[in-house]
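Hi there,

Here is the structure I promised to pass on to you.

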Amino acid sequence: MSAQLATAAWARPFSLGFDLFLAAVLGALQTASFVYTEAWWLQMLCVAMLAWRAAVVTPGRAFVLGMVFGTAWVGAGTWWMFISMHRYGGLPAWMAVLAVAALAAFLSLYLGAALWAFARWRAGRPLPDAALFAAVWLLAELARGVIFTGFPWVASGYAHVDGPLAMLSPWVGVYGVGAAAAFLAAWSAVSRPVLGVRRIVAIVAVAVGMDYLADATGPIRFTEPGGTLEVTLLQGNIPQEEKFASEHQAAALEWHVGAMLAAGSDLVVAPETAVPFLPQQMPEDFWPGLRSRFSTGRTHALFGVPLGNEQAGYTNSAVGFAPGRDEYRYDKHHLVPFGEFIPTGFKWFTQMMNIPLGDFNRGALDAPSFVVKGERVAPNICYEDLFGEELAARFAVPARAPTVFANISNIGWFGDTIAVDQHLNISRMRALEFQRPMLRATNTGATAIIDHRGQVTHNIKPYTRGVLEGPVQGRTGLTPYAWWVARYSLWPLAAAAALVIAMLLALRRWRRRRG
């Protein structure tokens with residue numbers, strides 16, 4: 001009798017208002033896991049409760065719940081865009097709030113459609129329903145990460161960078177980790193209440209065991225150690241309001257150049273636009289003099305600088321100087337919408353903001369690495385490390401594959417916010433996927449050295465000026481993720497999700513005919 005009462009309570013409908021409130025709270029609450037990654041279980045709990053509500057409501061209401069959950073999720077996870085648009089872009093506060101909310105709502109259409117499909121096609125059996133939920137969840141995350149250049153910030157897998165599911169990263173990447181979490185969450189949620197409690201206990205026990213096993217044995221090693229470099233990473237902590245102000249640029253440039261020249265390590269890395277001028281805008285002897293300084297000795301330099309001219313167009317770039325070699329150049333490939341390129345039909349919006357960037361040209365996807373003492377250092381700029389499938393293009397030829405990643409960023413646009421911690425965890429996930437170390441040289445943080453296991457070994461406190469020195473060991477070899485994504489991008493994941501859905505629908509149809 002108690003089991004029947006529990007089942008009735010589990011399936012009891014809530015008012016639309018309460019369902020919407022619950023979805024909004026759950027969506028916003030789970031974003032804490034993307035900063036405090038030891039709370040990976042919180043993300044699964046929130047998704048489990050979402051799956052529970054989607055399993056007992058109509059497809060139409062499930063769509064609305066997905067929209068509300070997703071809007072709160074993306075909105076709470078990226079609210080700091082308000083700062084860049086209002087404080088630094090000059091948009092009225094109400095318009096900046098509306099812009100963040102509109103973007104979050106638009107990106108949540110995919111999750112809304114996924115939950116509609118789940119509510120429409122579920123069979124009422126825990127295991128198939130959990131598989132269906134994970135498949136539609138995966139397709140929704142892939143759509144958000146790819147369509148219209150993609151914006152997969154706070155994709156669900158990032159919450160698990162310190163959790164037991166992180167061991168799946170070198171196999172299936174961040175989207176696969178997110179799908180696995182969605183499956184486990186839904187499996188506990190769509191069961192009858194008594195069984196659901198038992199499954200939650202079983203999942204927690206397995207997770208604890210996996211976590212212990214990972215700590216005791218470490219992840220499966222797909223890569224081998226290479227050479228060790230002594231590196232110097234700069235964090236200038238230039239306030240964003242001073243970054244492009246002519247009266248402050250000379251002092252900022254002087255600090256960065258002075259710190260670069262003082263470095264005695266194998267490699268010194270300075271942040272995105274550490275040199276805020278085009279080479280032709282600087283004194284005639286500046287660029288040749290800087291190149292000459294690094295033409296001899298042991299130190300290599302890699303730093304951010306805008307390049308180009310009015311005729312050829314401009315690029316957001318990284319330049320490398322090395323002893324006895326020609327100048328290295330990397331041009332950013334994945335540009336930021338509204339900041340580095342203007343989406344069709346939105347010129348009016350960018351004209352309202354006072355952001356001193358422009359409509360940049362894209363660099364090559366499979367750019368060569370910057371070679372330092374035999375180690376192939378692969379630069380990526382700003383949020384390019386958010387797109388693991390694009391970084392994987394550089395692994396298509398194993399003999400030329402990067403042995404070290406180097407991210408140069410300026411998160412100063414977003415103030416003293418959770419964006420810094422989120423971006424650090426994104427870089428850590430890339431390190432886990434490829435089993436490659438990641439160097440991070442940023443303007444305001446997080447400047448850090450991350451090893452191939454995704455662990456931060458050295459770092460500087462954010463929002464301070466400083467120089468970080470430490471060793472980094474390159475890695476050779478390919479993880480399964482690097483191998484298949486370099487060849488097929490994310491299509492295998494999409495195909496797997498579509499195949500699961502097709503098989504479940506076929507099974508559902510077959511059972512109906514039998515019954």
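Below is what turned up, going from the sheet to the cores and then to the salt bridges.

Please keep in mind that this is a predicted model.

Let me start with the sheet. It is open, with 6 strands in the order β5-β4-β3-β2-β1-β12 and mixed pairing. β5 (328–331) and β12 (466–476) form its edges, each pairing on one side only. On average, neighbouring strands are turned by 35° against each other, direction ignored. Strand β1 (residues 224–235) runs antiparallel to β12, and the two share 10 bridges.

Helix α13 (residues 286–293) lies across β3 and β4 (313–321), at about 30° to β4.

Now to the inside. The largest nonpolar core has 123 residues, and those with the most contacts within it are F69, F133, W137, L267 and L439. Helix α8 (residues 126–146) gives the most to this core, with 10 residues. Another core, of 22 residues, lies apart from it and includes V257, W287, F294 and F321. As for L267, its contacts beyond four places in sequence include V231, L302, F370 and L439.

The buried residues of α6 are M95, A96, A99, V100, A104 and L107.

Finally, the charged pairs: the whole structure has 13 salt bridges. In one of them, D19 meets R53, with the closest N and O atoms 2.9 Å apart. This pair links distant parts of the chain, with D19 in helix α2 (residues 16–29) and R53 in helix α3 (residues 40–55), 34 residues apart. D19 and R53 are both buried, and together with R61 they are linked in a network of salt bridges.

Two further bridges are worth a look. D129 pairs with R122 at 3.2 Å, N to O, and D129 is buried, with a relative accessible area of 1%. E224 pairs with R221 at 3.7 Å, N to O; here E224 is partly exposed at 40% relative accessibility, while R221 is exposed at 56%.

Notes
Residues numbered from 1 in each chain as written. Predicted model: local features only at pLDDT ≥ 70, side-chain atom pairs only at ≥ 80, totals over all residues. Heavy atoms only, no water. Core = buried A, V, L, I, M, F, W, Y, C linked by side-chain atoms within 4.5 Å. Buried < 20%, exposed > 50% of the residue type's maximum accessible area, 1.4 Å probe, protein only. Helix = DSSP H or I, 4+ residues; strand = E, 2+ residues; numbered from the N terminus. Contact = heavy atoms within 4.5 Å. Pairing = 2+ DSSP bridges. Axes fitted to C-alpha atoms, helices over the stretch in contact; angles between N-to-C directions. Salt bridge = Lys/Arg side-chain N within 4 Å of Asp/Glu carboxyl O.
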